[in-house]
Amino acid sequence: MRIAASLLIALALASGCTPKMTDARRELHVASFDQVWETVRDQHYDPKLNGVDWDAVRAELRPKIAQARTDDDVRDILNEMLSRLELSHFAIYPPDMQVQATPKDGFVPPLAKDSVIEVVKFGNLPELPLRVHSQRLNSNVQYFYVSVFINPLKVLKLFRQSVEDARTADGFILDLRHNPGGIGGMAIGMGNAFVTRPNQTLGQMRQRDITFTFALDRQANPYEKPLAILIDQGSASTSEILAAGLKDIGRARIFGSRSAGMALPSLAQKLPNGDNFQYAVANYISSGGATLEGVGVTPDQVVEYKPPYNLPDPVVEAAAAWIKSQSETKR
Amino acid sequence: MNRRLIRLPLLLLATFSFASLAIGQATQPAPTTAPATNPTTTSAVPDIQTLVDQSIAAAGGKDKILAIKNLSITGEVTVPGQGIDGTVEVYRKPGKVLMVTKIPQIGEIRMGIDGDVGYQTSDMLGARLLTDVEKKQLLAGMDPQEGLTRFSKLKELVVTGPEKLGDARAWKINGLSETGEPESHWLDVKTHQTLMTAMMVNSNGSTIPVSATFSDFKTIDGVTMPTTIRQNMGIMSMVLTLKEIKLNPELADEKFAVPDDVKKLHEQANPKAAPQP
């Protein structure tokens, strides 16, 4: 199943006891089921729910709440309901969920392995481990890695400093491998640093009745040198929007492997039983007119990188070589 | 144990860009002039002039409204159900506006007009110049006297109702804006206050239907205005709670000064505006 095969962020639940299923708690679970069902019915960007008979799904699964013995049973039922939509960004997760700092497959870009991990909480999202790393490579290319789009105050400040540092470099590498997304506005903030022309966009976000444009705004002193973006199968959501958007307007060359294809703008709300419910509210359409959901971003240059993920990093090497070639061509 | 995988959401923070509209409307107590066009009304509903007169009185009277020149507001902003909240400050004097929204971990968003240059700066997004349409919207949205001419700018006005709006009943005024976009206003049958508006708003490349509901009316220096505003854009909502409203405070021009990064953008967009050697 595509959803299960997507990101490699494992969830480690706290080992606390599951609350006893009292009648009062079961009522909260039923209310949560109804809230999830109604939210999807009313706010899914496709009013036809991609052809899914939502009433039938409710009739089939709601009675199972009465048989649920634990909170996990209820989560399974709710997630089963959401899986019928066959889309990313629909999920139930417990309030005490923690995301492991190192993905299940062990991938962390080797250049960033020693970076400090900061745990960040934002809105109803779970606590997320954040790594940021910036350095000048020996090849005179600036390298910037961010593990997740969260804490814009800190990340954008470090990012803008890295871009400033890059003015004496031959180009810039933005590493978004295994970055599962986060706050969508951060893609615009980063994209803005690189656009040199007016009226550029990262695409559109189409809700049921409204279309938002991810408009880019040229800054007073934009970075004009070559830009390479690194992605892989763990790059999702905001990462894909930034990569696809800058690729479409011809501002970036993409290296690595095809991204996750999970690019639905979403929100997260608290349910009556205390769990969190993430739900997509829009479809993303790139400025080139492509839907990324289920498709992903195809790199301009496919570069394989297999465990144990040691240096040299072939994806970084390929990107740096391209930047050098661009620099030499210009000279 | 639940081991489902997650995708992180793209939180829809565009919401905050539109806060000025709702706050501005909160400070526009009533439309006070009859429309330039000939409105049509259905039977048993009041004509527009009657509604206008009633809402002027409900807001405190024309003289009180005309006396408002400067304005300062502080308040709180919340995205319901999303665990996101922050603060908002608004300052306005004729031709100048500054609105500052602060969201922990997102940072500060400043939107302003210094009398000439309109801009938005954001810790997250960077800086940009407002378009002429956006400047016009922002100035109108923050002008307490905008209500004096609001309906005269609308075409094809029609009054309908009353219709149920929450616990109240309201007359609905429909019209078309100067650009032909539909616009609606709901006026409370009993209190004559504006309870809701719906219109199209232009922001950075998107034209978006925005509605706002108004409640918790309070009287400040003889002018009655709402202190809770819920703004909706599609499925996104934002609630503004106005904590302190000052009418005609002293506001120095320096408060509205354009930030340095915006000055550079303005000079690049308008070479004649650049300092000459």
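Student: Where is His89(A) located?
Tutor: His89(A) sits in the loop between α4 (71–83) and β2 (91–93) of chain A. Helices (H or I, at least four residues) and strands (E, at least two) are DSSP runs, numbered from the N terminus. This is a predicted model, in which local features need pLDDT of at least 70, side-chain atom pairs count only at pLDDT 80 or more, and totals for chains, interfaces and linings use all residues. Residues are numbered from 1 along each chain as its sequence is written, while chains are lettered from A and ligands numbered from 1 in the order in which they are written.
Student: What is phi there, for His89(A)?
Tutor: About 65 degrees, a positive value, although His89(A) is not a glycine.
Student: Is His89(A) buried or exposed?
Tutor: Buried, because His89(A) has 28 other C-beta atoms within 10 Å. The cut-offs are 20 or more for buried, 12 or fewer for exposed, and partly exposed in between, with C-beta atoms placed from the backbone.
Student: Now Leu49(A): what is its phi?
Tutor: Near 50 degrees, which is positive in a residue other than glycine. Leu49(A) belongs to the loop between α1 (23–43) and α2 (54–61) of chain A. Leu49(A) is partly exposed, because 16 other C-beta atoms lie within 10 Å.
Student: New topic, cis peptides. Which residues does the one in chain A join?
Tutor: Pro307(A) and Pro308(A), with omega about 15 degrees. Pro308(A) is in the loop between β15 (301–302) and α8 (314–330) of chain A.
Student: And what is omega for Gly161(B) and Pro162(B)?
Tutor: About 0 degrees, and that bond is cis. Pro162(B) falls in strand β8 (residues 155–165) of chain B.
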